[in-house]
Amino acid sequence: QSCQPHLGCYVTKVAPKMPMATTSEKMAGAKQMEQKMSNSPKPYVYVAGPLFDEGERWFIEKIDQLIQDAGFDTFLPHRDNPPKTAENVGEIFLNDKGGIDRCQVVVANLNGIMTDDGTAWEMGYAYAHDKYIIGLFTDWRARFPNGNEVVNLMMQCSINKLVRSLDELDQSLRDWLTTQQK
């Protein structure tokens, strides 16, 4: 590539294209998900959030346990997928997408300076498919000074409920269950 540095361009290495899921991977992932869901009468929650370090995994697992204790079954991406390799990223993508397709509720951990990009995609996909979305933001610092916009407006306007603590999350889940039983 040629580039003119005075224009602010930089030469970057193009990342290799990720392999797409094969038909057999798609069928295996869908079958695994269907079996998990068909064995339970409980409502299903997709748990979204960053999970790239021990602290993030610990917190998302704590969220997952709270959701299960409130009476739900859950899809937790790092638990319910095989370990990621170059060969199975398509399968993992389809498993995650299938988890959102089959859930009734998405709980999204929005903590951090910016919402994790995978979490943002999961929320957007869930929003486009009319899923009930609960956003969890426990950081006491608002991202924006006016207080009306706690997280990015695209995130905040796509969620049904923004909660600021695990106690509020628990109550919000129980409230949702109550509305579904009426």
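## Basis of the description

The structure is a predicted model, in which local features require pLDDT of at least 70 and side-chain atom pairs count only at pLDDT 80 or more, whereas totals for chains, interfaces and linings use all residues. Residues are numbered from 1 along each chain as its sequence is written, and side-chain values use heavy atoms, with hydrogens and water left out.

## Overall architecture

The secondary structure of the chain amounts to six helices and five strands, where helices (H or I, at least four residues) and strands (E, at least two) are DSSP runs numbered from the N terminus. Read from the N terminus, the elements follow the order α-β-α-β-α-β-α-β-α-β-α.

Of the 182 residues of the chain, 40% count as buried; here buried means under 20% relative accessible area, exposed over 50%, and partly exposed in between, with a 1.4 Å probe and protein chains only. Among contacts (heavy atoms within 4.5 Å) with a separation of 6 or more, 72% come from residues 24 or more positions apart. The accessible surface of the chain is about 11200 Å², and 56% of this surface belongs to carbon and sulfur atoms; accessible areas come from the Shrake-Rupley method with a 1.4 Å probe, and for residues only the protein chains shown count as cover.

The buried residues of H4 are Thr119, Glu122, Met123, Tyr125 and Ala126. These residues cover an arc of only 165° around the axis, which puts them on the same side of H4, the arc being that of the directions from the helix axis to the C-beta atoms. On the other side of H4, Asp117 and Ala128 are exposed. The partners against which the buried residues of H4 pack are strand E1 (44–48), helix H3 (89–102), strand E3 (105–109), strand E4 (132–136) and helix H5 (153–156).

Alanine 126, a residue of helix H4, counts as buried because its relative accessibility is 0%. Leaving aside neighbours within four places in sequence, alanine 126 is in contact with Ile100, Val106, Lys131 and Ile133.

## The ends of H4

At the start of H4, a side-chain oxygen of aspartate 116 reaches to within 3.2 Å of the backbone nitrogen of glycine 118. Beyond the other end, aspartate 130 is placed in the loop between H4 and E4 and has a positive phi of about 55° although it is not a glycine. Most residues other than glycine have a negative phi. Aspartate 130 counts as exposed because its relative accessibility is 74%.

## The nonpolar cores

A nonpolar core is a set of buried Ala, Val, Leu, Ile, Met, Phe, Trp, Tyr and Cys residues joined through side-chain atoms within 4.5 Å. The largest nonpolar core has 20 residues, of which Ile63, Ile67, Phe72, Val107, Leu169 and Leu173 touch the most other members. Two or more residues of this core are supplied by each of E1, helix H2 (54–69), E3, E4 and helix H6 (166–181). Apart from this core lies another, of 18 residues, among them Ile100, Ala108, Met123 and Ile159.

Leucine 173, found in helix H6, is buried, with a relative accessible area of 0%. Leaving aside neighbours within four places in sequence, leucine 173 is in contact with Leu66, Ile67, Ala70, Phe72, Val107 and Ile134. Although leucine 173 and valine 107 are 66 residues apart in sequence, they are 9.3 Å apart in space, C-alpha to C-alpha. With the same exclusion of sequence neighbours, phenylalanine 72 is in contact with Lys42, Pro43, Val45, Ile67, Leu173, Trp176 and Leu177.

## Serine 40

Serine 40 is found in the loop between helix H1 (23–38) and E1. Its side chain makes a polar contact with the side chain of aspartate 73 (2.2 Å), and a polar atom of the serine 40 side chain lies 3.2 Å from the backbone nitrogen of lysine 42. A polar contact is a pair of N or O atoms within 3.5 Å; within protein, one must be able to donate a hydrogen and the other to accept it, and residues adjacent in sequence count only if both atoms are side-chain atoms.
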